[in-house]
Amino acid sequence: MPKDFSTMEDSNRSSNPDIHSVSDPARRTLVRGGLSAVVAGLFAPLLPGCATPGGPGAGGAKLGFKSVPVTAGDRLVVPEGYVARVLAPWGEPVGVAGDMPAFKPDASNTAAEQAVQMGMHHDGVHFYPLGSGSDHGLLVMNHEYTDDGLLHADGMATWSAEKVRKSQAAHGISVIELQRQDATWEVVRPSRYARRITAYTPFRVAGPAAGHALLRTAADPEGRRVLGTFNNCASGKTPWGTYLAGEENFFGYFHGPAEPDAHARRWGLKPNGWGYRWHEHDERFDATRHPNEPNRFGWIVEIDPMDPTSTPVKRTALGRGTHEGATVAVTRDGRAVVYSGEDARFEYIYKFVSRDAIRPGGAQANRDLLDHGTLYVARFDAGGRGAWLPLVHGSGPLTAANGFADQGEVLVKGRQASDLLGGTKMDRPEWLTVDSERREVYCSLTNNTSRGTEGQPPVDAANPRAANSMGQIIRWKEDGDFDGLAFSWNHFVLAGDPANENPDARGNVKGDFFGSPDGLFMDPRGVLWIETDASSTTMGKGDYARLPQNMMLAADVTTGEIRRFLVGPPGCEVTGATMAPDLCTLFVNIQHPGETPSERSDPAAPGRYSSWPDGNGGRPRSATVVIRRQDGGIIGT
């Protein structure tokens, strides 16, 4: 989403000690490891069925395409020999039988219609095969936020309960069915799998914080049933076939107190939030009247795409935070390890290790797997070593004397607990991905222009640049297995442009320059796909003629070479990536094309900066793009 944090007050005011030595990425290496039998079995279905030169098992370089230039124009660019086609933009019906309203270009669709249409601002996405092939499956994706200037016919000139309901309906998650016919993918409509999960879909609360006093409200006195999910950004796919989504900047939707207490202040609650105005017509978003309602968001949620009648679940054992997403690894003895980060300045990286092993039998057999286990926060030390600190009640300072009555309170107050434990405050940890062959974990640290400025935490080993406008990608390998309590780490790359006049913004990229790494996706060949989100307000300074367009790049993690694969239309964020099992189709989401410096946009000129993908000056629409090689081969080779 548009993330210009330069005018936001930092919520992390903890006094954790910082590491002042700056890392030298050229001098650190990670110990390589082989693929365990457990992980090999789980990932076997991902091996491709359309073998081409340069595919898995073939020798030579992993990147076989010609880099694309950074171009101007309201279009999307992919390499020579590739074709890209728009699929399922905002407002298209998801395919619920008997309820498939068409998108109206003047944005006059009702809230009820939006509730069965693709949501706004596509983000994290995963593909779930139906059958054994790669030509039929479900695509599940997040819709992070809404731009109400585009969502409503007259923008926010007037405000009503109907507009609030429509905004809530455009948030959440979509499940759509896809079929490939003669190399062309289409949405199957109607579909028995088609589903929208919105900001008012009922959720079950599970795990140690379920029923906790801090989650109880007048409408839900038991604290076990929450309406809705929103600001879902990155996503994860579990080995047992479910979908995970983090609830990121949830606090921006609440009207907070003028004089917040320590808890509300640490989570960034303030009057009128970020201007969504839901509280004016939906009382639960007024935290001055319902102070526990914000505690019911910020969780990682789990859904079963194969069962449209199932109730989604908020997994409290994974901790509360402004979670970008959740990425799953598997230990050699078959337990799940879920990595997540908080996309905010000076916040933390976490992992959860399940108590039990993954059971055969899919979603139903593992319906409570993520309710039992241990949550940790990361500490990155100088010298390329680090440790995982347990967020367990009674461990170290996490006691009643310090404001944590029980494990539920530790999880609800995950930030405060991490402050006390001394986790490393990071430069906006966003997406994570796992190299299953080398057993390494990668995390994008998008940027942090407050790092090292007056009154803010200084640089440290993991976050080595002051006023960091370009960001970096950090990686680590656990000692022993994914459940290890210590790890070795280094920087895979410091993003930047060698032509930048600021030496600290030049980075050490081996290949095509980029800044603000955001989305990450490690494909089964071991190619790291990097998506960028350079904010229009910070990069373009309000002048769209000079706005760098965001992009997607591919990196050979063995050689470090990075090539530009895709450039998006003006003002967009390139985000969310997944492949069909044969690796011959790449799905990429293009979010908020034509984004204005204001998050609410100008309804008087909806196509002023972009009218992608429809053109002709119409409203820009986030959309999924389907990318294939013209010869039908493996993507990237």
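How many bridges pair strand 18 (residues 385-390) with strand 23, and in which sense do the two strands run? In this predicted model, strand 18 and strand 23 are paired in the antiparallel sense over three bridges, with R385 standing opposite S488 of strand 23.

Strand 23 spans residues 486-494, and because eight of its nine residues are buried, it is largely enclosed by the rest of the structure.

**Strand 16 and its partners**

Strand 14 (residues 335-341) is joined to strand 16 by six bridges in an antiparallel arrangement, and the bridge partner of R335 in strand 16 is A357. Strand 17 (residues 373-380) also runs antiparallel to strand 16, the two being joined by five bridges, and here V353 stands opposite T374 of strand 17.

Four strands form an open sheet in the order 1-31-30-29, with antiparallel pairing. Its edges are strand 1 (82-87) and strand 29 (573-579), each of which pairs on one side only. On average, neighbouring strands of this sheet are turned by 25 degrees against each other, when direction is ignored. At one end of the order, strand 29 pairs with strand 30 (residues 586-591) in the antiparallel sense over six bridges, and A577 stands opposite V588 in strand 30.

The pairings described above are collected here.

| Strand pair | Sense | Bridges |
|---|---|---|
| Strand 14 and strand 16 | antiparallel | six bridges |
| Strand 16 and strand 17 | antiparallel | five bridges |
| Strand 18 and strand 23 | antiparallel | three bridges |
| Strand 29 and strand 30 | antiparallel | six bridges |

**Helix 4**

Which residues of helix 4 (residues 161-169) are buried? They are K163, V164, K166, S167, Q168 and A169, and these buried residues pack against helix 2 (111-114), helix 3 (148-151) and strand 6 (195-197). The surroundings of the buried part of helix 4 therefore include both helices and a strand, where packing denotes contact, that is, heavy atoms within 4.5 Å.

Technical notes:
Residues numbered from 1 in each chain as written. Predicted model: local features only at pLDDT ≥ 70, side-chain atom pairs only at ≥ 80, totals over all residues. Heavy atoms only, no water. Pairing = 2+ DSSP bridges. Axes fitted to C-alpha atoms, helices over the stretch in contact; angles between N-to-C directions. Buried < 20%, exposed > 50% of the residue type's maximum accessible area, 1.4 Å probe, protein only.
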